[in-house]
Amino acid sequence: MEDCAINETKRTTEPFQIEEITEQVILVGISQRENDDTEDSLEELEELAETAGAVVLGSVMQSREHIHPGTYLGAGKLQELRQIIAEWEADGIICDDELSPAQIRNMEQELECKVMDRTLLILDIFAARASTSEGKIQVELAQLKYRMSRLTGFGVSLSRLGGGIGTRGPGEKKLESDRRLIKNRIAQLNRELKQVQKHREITRGQREKNRVKVAAIVGYTNAGKSTLLNRLTHASVLEEDKLFATLDPTTRSLKLESGQEILLTDTVGFIRKLPHHLIEAFRSTLEEAKYADIIVHVVDASNPQWEKQMQIVYETLAQLGVSGKKRITLFNKQDKVTERELFRDLQADRALKVSVKTGEGMDDFLGTLEKFLREDKRLLEGAFSYDQGNQISLIRRYGELLQEEYREDGIYVKAYVPGELYPNLAEHMSRQERSGID
């Protein structure tokens with residue numbers, strides 16, 4: 001009896017061990033026409049599932065002209081999937097498209113397992129990756145908007161507190177609240193996000209006032225954007241061979257060899273079927289590209305689908321209203337390219353083959369940045385009188401000073417200056433030197 005008491009005490013004083021739930025899932029997709037990208041999309045969905053911590057047992061694809069409005073799959077395929085789930089002992093399925101509440105409810109009743117869609121999966125990854133207050137607000141807002149449209153559809157199965165994919169993030173705490181409370185929470189988050197947007201606009205205005213040029217780094221997720229920012233600015237942004245390894249944008253200053261300064265901003269990676277909830281929630285972040293002076297498009301050249309990924313990036317940029325910008329396309333990961341291939345981008349002003357990891361092509365890229373920054377400036381050449389020395393400080397701050405000489409008749413300079421400053425600087429130049437202005 002005494003031994004039993006001791007053992008009982010040991011059991012009650014041992015610390016609890018909390019294990020992360022690893023779900024075993026089957027991927028499901030529908031091909032609506034021949035030679036579409038459904039297989040590639042399912043491969044990407046597998047990467048997303050693994051990023052979210054799931055184990056992918058396999059995939060099922062059905063060819064049909066239209067997605068079934070009630071059950072996503074046709075009746076026969078649904079029965080086949082039910083047998084596969086039982087044989088493979090899967091915990092659930094992940095569909096490659098966004099499902100309606102009715103589709104989720106009907107499939108869960110028919111398959112007797114957890115049913116998730118691509119949007120829920122991406123939201124879950126974003127919830128795990130968000131680290132800043134802005135990122136968390138944006139993710140929760142996207143989650144609540146997604147749940148809001150599904151309140152009536154889920155009905156009694158609304159509660160998702162069982163653990164696993166789709167249960168992470170701040171949005172979960174409101175799942176069992178009524179519609180009014182969720183609306184109130186969405187309104188509150190929108191107010192908080194507007195404050196963040198105001199701060200972003202103030203920062204953007206300050207950059208414009210200081211005449212600092214901005215380059216936005218865009219690209220498909222996992223193309224090497226964060227690696228590029230780290231290599232050039234030592235930003236210490238997380239680099240990981242996973243989709244959406246980084247979520248929160250980072251801006252760092254880069255000083256070029258000529259002394260010109262430019263700000264580099266990393267943005268959220270794009271992906272197939274990026275949920276519109278996320279595009280709306282992250283619009284203020286994604287719009288950094290809209291207000292940038294230069295777009296640096298990073299492409300994973302080692303990916304067989306690089307052309308399709310480029311197209312998706314450009315479609316998303318168009319959706320955000322990004323146009324009329326100078327574009328540099330970097331065909332990255334040349335160290336992994338095994339076959340000779342013609343890499344080109346007809347929408348870019350300049351396309352370069354690089355390997356950010358090894359440094360290949362980085363000098364050409366920096367030289368291109370120098371050239372693009374110089375194109376927005378005018379060459380100023382002549383002399384200022386000595387009492388106009390403050391104009392030299394202005395050139396040093398906003399321009400590119402190539403030559404400076406102190407002569408008897410004044411301070412001779414040769415410099416590239418912003419177009420908006422050129423008339424004022426030229427006006428202050430000594431009259432006898434104005435003929436030397438280009």
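Among contacts (heavy atoms within 4.5 Å) between residues at least 6 apart in sequence, 69% join residues at least 24 apart. The model is a predicted one, in which local features need pLDDT of at least 70 and side-chain atom pairs count only at pLDDT 80 or more, whereas totals for chains, interfaces and linings use all residues. Residues are numbered from 1 along each chain as its sequence is written, and side-chain values use heavy atoms, with hydrogens and water left out. The protein contains 15 helices and 13 strands, taken as DSSP runs numbered from the N terminus (helices: H or I, at least four residues; strands: E, at least two). Of its 438 residues, 50% are buried, where buried denotes under 20% relative accessible area, exposed over 50%, and partly exposed the range in between (1.4 Å probe, protein chains only). The protein exposes about 22,200 Å², of which carbon and sulfur atoms supply 45%; the areas come from the Shrake-Rupley method with a 1.4 Å probe, and for residues only the protein chains shown count as cover.

When neighbours within four places in sequence are left aside, the contacts of Ile 94 include Val 25, Ile 26, Leu 27, Val 28, Leu 45, Ala 49, Met 116, Asp 117, Leu 121 and Ile 165.

Strand S7 (residues 261-266) is mostly covered, five of its six residues being buried. Pairing of strands, for which DSSP must find at least two bridges between them, links S7 to strand S5 (residues 213-219) in the parallel sense over five bridges, with Ala 215 standing opposite Leu 264. Strand S6 (residues 250-255) runs antiparallel to S7 and is joined to it by six bridges, Leu 254 having Ile 262 as its bridge partner. The hairpin of S6 and S7 has five residues between the strands, and Gly 259 takes a positive phi near 100° there. Leu 263, which lies in S7, counts as buried at 13% relative accessibility. Beyond residues up to four places away in sequence, Leu 263 touches Arg 207, Val 212, Lys 213, Val 214, Ala 215, Thr 251, Arg 252 and Ser 253. Leu 263 and Ala 216 are 47 residues apart in sequence, yet their C-alpha atoms are 8.3 Å apart in space.

In helix H14 (residues 389-398), the buried residues are Gln 391, Ile 392, Ile 395 and Tyr 398. These residues cover an arc of only 150° around the axis, which puts them on the same side of H14; the arc is that of the directions from the helix axis to the C-beta atoms. The buried residues of H14 pack against helices H8 (179-209) and H15 (422-428) as well as strands S11 (377-384), S12 (400-407) and S13 (410-418).

The structure holds zero disulfides, a disulfide being a pair of cysteine sulfur atoms within 2.5 Å. The cysteine sulfur closest to that of Cys 95 belongs to Cys 113, at 9.2 Å, which is too far for a bond. Cys 95 is buried at 0% relative accessibility, and Cys 113 also counts as buried, at 12%.
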